[in-house]
Amino acid sequence: MSTMNIEKLRKSFGKTEVLRGIDLAVGDGEFVALVGPSGCGKSTLLRLIAGLEAASSGRLLIGDRDVTALAPKDRDVAMVFQNYALYPHMSVRANMGFSLRLRGVDKRSIEAEVARAASVLGLQDLLDRYPGQLSGGQRQRVATGRAIVRNPKLFLFDEPLSNLDAKLRVQMRTEIKALHQRLRNTMIYVTHDQIEAMTLADRIVVMQGGVIEQEGAPLDLYDRPANAFVGGFLGSPSMNFVSGRLKGTDVVAEDGTVLPAGRASGEDEGRAVLWGARPESIVPASEGFGGVIEVVEPTGPDTQLLVRVAGLPLVVLLRNRTHARPGETITLTIAAPDIHLFDAGNGGRIEPRA
């Protein structure tokens, strides 16, 4: 079984605590993405799983083995690095088979495993080339192929697409997803790109400040973020926020602008909140709240507007073309189920009262 369990894992560098008691269970064959801003601890966590760093405390189990104190070579994991980490003086074939050769695997078996991985990744015609003769995308596939030949219990990816251009990132993202669907190996994928996480993962783990803020299926996190941080981190363009207070069925912004709350405030009357709305959920209407268009950005199929509402720039994503112009006023609305309310103090999600 290629399961993984992390129990109360902590890591400090000197007096700086980078991971503050991480608990995480990964199922057999699951694709889990670790996301968060720079410095949140996601890459450190991956390195602890790989054995490249030692934990300050806590336990790490792969399958039923406690590997917390084991060397990287004894953990049965394979890591794909951001910078590919290929040996420039070795051919693609030699790079892919190198780990098996270190293990003392016989030449015929190595050739068979390299051929299998090359077939999966479309590298058959590149086996005799050297890394310097390959494009960035080809190098990334070779690095992935080197991991595949080991047939590890865990695949670890450390921001593998960050060095590629935008078009190639999309292509490689598709290839990695297809690879997981074909192999069904357990994969843990670190990225700062939440679009990668949303499209690739079975489950997303959102981290901040060395702790897990929320974990779950991508669309569950997108639709019901546990707090304002998760709501703002997932989504592109990101969620809009306006500070205000609950009053009846509305939120009254600091400048007096009235926004729909999507519910009656009840016992929360007067509570300080953050009103959150996804850009695609805000639409033009005959009645609602008003704003002034500042920027119009046509992208082809969509149009992105920057609209000043309640003294703040709100992003509105229209799923069509528009003849709107900067300086024009516009009336907007949002359906009640699409409104997110968060506590202004701790950022926690405010659920409707029964």
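How do the residues of the lining of the largest pocket divide into nonpolar, polar and charged? I looked this up and got 13 nonpolar, 1 polar and 4 charged. My classes put Ala, Val, Leu, Ile, Met, Phe, Trp, Tyr, Cys and Pro under nonpolar, Asp, Glu, Lys and Arg under charged, and the others, Gly among them, under polar.

**Ground rules.** I am working on a predicted model, where local features need pLDDT of at least 70, side-chain atom pairs count only at pLDDT 80 or more, and totals for chains, interfaces and linings use all residues. Residues are numbered from 1 along each chain as its sequence is written, and side-chain values use heavy atoms, with hydrogens and water left out.

**Pockets.** My search ran on a 1 Å grid over the protein atoms alone: a pocket is an open set of points with protein on both sides within 12 Å along at least five of seven lines, a cavity is a set where a 1.4 Å probe fits but cannot get out, and lining residues have an atom within 4 Å of a point. Grid points are joined across faces, edges and corners, and a volume is the space filled by probe spheres set on the points.

The largest pocket holds about 490 Å³ of space. Its lining counts 18 residues, with Met79, Phe81, Ser99, Arg146 and Arg150 nearest the centre. Strand E6 (77-80), helix H2 (92-103) and helix H4 (136-148) each give two or more residues to that lining; helices (H or I, at least four residues) and strands (E, at least two) are DSSP runs, numbered from the N terminus. H2 gives the most, with 4 residues.

I then checked the second largest pocket, at about 160 Å³. H2 gives the most here too, with 5 residues, and helix H3 (107-121) supplies at least two. Among the lining residues I noted Arg93, Phe98, Lys107 and Glu111. By class the lining has 4 nonpolar, 1 polar and 4 charged residues.

**Cavities.** The whole structure has 2 cavities of 30 Å³ or more. The largest, about 40 Å³, is lined by Leu9, Leu48, Glu53, Ala55, Leu60, Thr68 and Arg75. For the second largest cavity I also read about 40 Å³, and its lining includes Leu121, Arg141 and Met172. Helix H5 (166-183) and H4 each give two or more residues to it, with the largest share, 4 residues, coming from H5.

**Aromatic pairs.** I counted 7, pairing rings of Phe, Tyr and Trp (its six-membered ring) if their centres lie within 6.5 Å; planes under 30 degrees apart are stacked, over 60 edge-to-face and the rest tilted. Phe157 and Tyr189 have ring centres 5.7 Å apart and planes at 35°, so I logged the pair as tilted. Phe157 lies in strand E7 (residues 154-158) and Tyr189 in strand E8 (residues 186-190), so the pair ties together parts 32 residues apart in sequence. Phe157 is buried at 0% relative accessible area, and Tyr189 is buried at 0% as well (buried is under 20% relative accessible area, exposed over 50%, partly exposed in between, with a 1.4 Å probe and protein chains only). Ring pairs link Phe31, Phe155, Phe157 and Tyr189 into a cluster.

**Charges over rings.** My test asks for NZ of Lys or CZ of Arg within 6 Å of the ring centre and within 35 degrees of the ring normal. Lys11 lies over the face of Phe13, 4.8 Å from the ring centre. The charged end of Arg278 sits over the ring of Tyr222, 3.9 Å from its centre.
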